[in-house]
Amino acid sequence: MPRNAVAWVDLARHYTALGLPDRAEPAIRVALSLAPDARFALRAASRFYTHVEGAEQALALLRRSDATRSDPWLQAAEIAVAQVGGRE
C-alpha cells in the first residue's frame, strides 16, 4: 500500500465513514503526493475537503492541478465544488 494512491484514498474513505476525519486527512495527503494529477485522487480529495473543511480548500486543490485544465471530469468537479461554495 505505501505507493498505491487508490489504496490511500480508500483508507481515507474508511476513516471518514467511521467519523475519523483527522485520520483521513493524512491519507488523502499521501494519495495526492503519490498521484498529484490523478483524476481519482483529486476528485476524492476535493469531495473530502468539501465535506470536512469547506469548499474553499477543495476548490483551490482542483484549480492548482494542471490536469483540471484538460480533464472534463475534473472540470465538472470544479464546477460542483464552486457551486457548493457559492463561487464561480
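This is a predicted model: local features need pLDDT of at least 70, side-chain atom pairs count only at pLDDT 80 or more; totals for chains, interfaces and linings use all residues.
Residues are numbered from 1 along each chain as its sequence is written, and side-chain values use heavy atoms, with hydrogens and water left out.

**Helix α2**

Helices are DSSP runs (H or I, at least four residues), numbered from the N terminus. Helix α2 covers residues 21-34, which makes 14 residues. The expected span of a helix is 1.5 Å times one less than its number of residues. For α2 this gives 20 Å, and the end C-alpha atoms are 20 Å apart, so the two values agree.

Which residues of α2 are buried? They are Ala 24, Glu 25, Ala 27, Ile 28, Ala 31 and Leu 32. Buried means under 20% relative accessible area, exposed means over 50%, and partly exposed lies in between (1.4 Å probe, protein chains only). The cover over these buried residues includes α1 (5-17), α3 (39-52) and α4 (55-64).

**Salt bridges**

A salt bridge is a side-chain nitrogen of Lys or Arg within 4 Å of a carboxyl oxygen of Asp or Glu. The structure holds 6 of them. Among them are the pairs in the table.

| Pair | N to O distance |
|---|---|
| Arg 39 and Asp 71 | 2.9 Å |
| Glu 56 and Arg 87 | 2.9 Å |
| Glu 78 and Arg 63 | 2.8 Å |

The salt bridge between Arg 39 and Asp 71 links distant parts of the chain: Arg 39 is in helix α3 and Asp 71 is in the loop between α4 and α5 (72-84), 32 residues apart. Arg 39 counts as partly exposed because its relative accessibility is 37%, whereas Asp 71 is buried, with a relative accessible area of 11%.

The side chains of Glu 56 and Arg 87 also meet in a salt bridge. This pair too links distant parts of the chain, with Glu 56 in helix α4 and Arg 87 in the segment after α5, 31 residues apart. Glu 56 is partly exposed, with a relative accessible area of 46%. Arg 87 counts as partly exposed at 40%.

Glu 78 and Arg 63 form a further salt bridge through their side chains. Glu 78 belongs to helix α5 and Arg 63 to helix α4, and the two residues are 15 residues apart. At 35% relative accessibility, Arg 63 counts as partly exposed.

What does the side chain of Asp 71 reach? It reaches the backbone nitrogen of Trp 73 at 2.8 Å.

Ser 65 lies in the loop between α4 and α5. Its relative accessibility is 5%, so Ser 65 counts as buried. The side chain of Ser 65 reaches the backbone nitrogen of Ala 67 at 3.1 Å.

Contact means heavy atoms within 4.5 Å. Not counting residues up to four places away in sequence, Ser 65 touches Pro 36, Asp 37 and Leu 42.

**Pro 36**

Pro 36 sits in the loop between α2 and α3. With a relative accessible area of 46%, Pro 36 is partly exposed. Leaving out residues up to four places away in sequence, Pro 36 touches Leu 42 and Ser 65. The C-alpha atoms of Pro 36 and Glu 88 are separated by 24 Å, and these residues are 52 residues apart along the chain.

Methods
A polar contact is a pair of N or O atoms within 3.5 Å; within protein, one must be able to donate a hydrogen and the other to accept it, and residues adjacent in sequence count only if both atoms are side-chain atoms.
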